[in-house]
Amino acid sequence: MRAIIETLRNAWKIADLRKRILVTLFFLLLFRLGAAIPVPGLNPDILKELLGGASIFNFANIIGGGALARATIFALGITPYITASIIMNLLAVAIPKLEQLAKEGEEGRKIMAQYTRYGTVVLAFLQATGFYFGLRDAVMTRGWFSFVTITLTFTAGTAILMWLGEQITEHGIGNGISLIIFAGILSQGPAAYGALMAQKENIGTGIMLYVGIAAIVLVFLAVVTAVVWVQEAERRIPVQYAKRVVGRKMYGGQSTHIPIKVNMAGVIPIIFASSFIMLPPTIVGFFWANSTHPVAVFFRHFPEKPWVAVLNGVLIMFFTFFYTFIQFNPVELANNLKKNGGFIPGIRPGKPTSDYIFKVVNRITWFSAVFIAAIQLFPSLLGTLTKLQGVWIAGSSIMIMVGVALETVKQIESQMIMRHYKGFLE
């Protein structure tokens, strides 16, 4: 924490970085203002009641800073952009043309970003349409005019958020989309604290109340420390480059390493697993909310089953492996090493190298999968033990906030180093 404060203090002394920080704060302020502007034609009280139970949209409400529960123009949040980005990453692996485009440098990334923007708008409109028909009780007056007004307002809100994120990335301190998610989750902190204090009878009275609060704070700090440790952890595979003579110069011969992050999947497995678990009750709640059919009743209360926590953990572990090996290709890495004259000491180039890298990544992914599953399920376990509801000290929220904070500090430090070098050269 002291290092983060010191980095921000040093950055504030540099005029250009100070301007970027102020620009970032301005756009984040616009985000919070937009999260308070209501959508015409929706009843926020009914919408909050409909979203009170387990729903696939609870995660969108959290990262949107509660905008969905308040029926504001940023109700969809940045979730469609996240989904579009994930889809584009998966398509870049499956479609050779997109894979080639992603490897073409800056121009290729610009085209991929444009495709992601188009996908975001399409997904936002589809999600807004699902909201309109699914949350029909919250619509005051049904008709074509209300349909067009509500769906286009939701879609425009997501497009504006995407634009705000890009402005922060270009003119601010970077990581625009991530900072918007960070601000949305952080804004829910006071409300979560108030909800926790409303259950203080479950914590205790008198001195036991303070002991309970201190215990919760300590657990919170322990979870944050564990997440930081795993987020920053990496496995370094040693690499040796053979000496080679080009003309009259000799190249290579140096030793280096391949850094492999322990948690390459981030919070993506949690998003996938939660969506899979919450999709059936959400669909049943939309179309068969009052049905007494045994199948409808079963899926309506599906997330409340005790064994669903185990299923959620298994799905998180599965998606951790799936997403890790989608974005990390040991065969391609081994081939690149071979082309550049590099080798892992004690391992033959080619297939033995790719097998060795696969084995290393497989081992650390097991650790990452178990850790992510434990972090996600920890609030439920703590809530069961303490009889507290809405424990906001772990899970995807903490992982996102810690990851964004660390990455933002690294961005600021890199910009400070770059400016120090420019000043030295001048």
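In what order do the 3 strands of the open sheet lie? The order is β4-β1-β5, and the pairing is antiparallel. This is a predicted model, in which local features need pLDDT of at least 70 and side-chain atom pairs count only at pLDDT 80 or more, whereas totals for chains, interfaces and linings use all residues. Residues are numbered from 1 along each chain as its sequence is written, and side-chain values use heavy atoms, with hydrogens and water left out.

**Sheet**
- Strands β4 (255-261) and β5 (342-343) form the edges, each pairing on one side only; two strands pair if DSSP finds at least two bridges between them.
- Strand β1 (residues 234-241) runs antiparallel to β5 and is joined to it by 2 bridges.
- Opposite Phe343 in β5 stands Gln240.
- Helices (H or I, at least four residues) and strands (E, at least two) are DSSP runs, numbered from the N terminus.

**A buried serine**
- Ser354 lies in helix α17 (residues 351-386).
- Ser354 has a relative accessible area of 9% and is therefore buried (under 20% relative accessible area; exposed is over 50%, partly exposed in between; 1.4 Å probe, protein chains only).
- Leaving aside residues up to four places away in sequence, Ser354 touches Pro330, Val331 and Ala334 (contact means heavy atoms within 4.5 Å).

**Positive phi in loops**
- Most residues other than glycine have a negative phi.
- Ala71, although not a glycine, has a positive phi of about 55°; Ala71 sits in the loop between α4 (58-63) and α5 (79-94) and is buried at 1% relative accessibility.
- Asn175, also not a glycine, has a positive phi of about 55°.
- The loop between α8 (144-171) and α9 (176-187) holds Asn175, which is buried with a relative accessible area of 17%.
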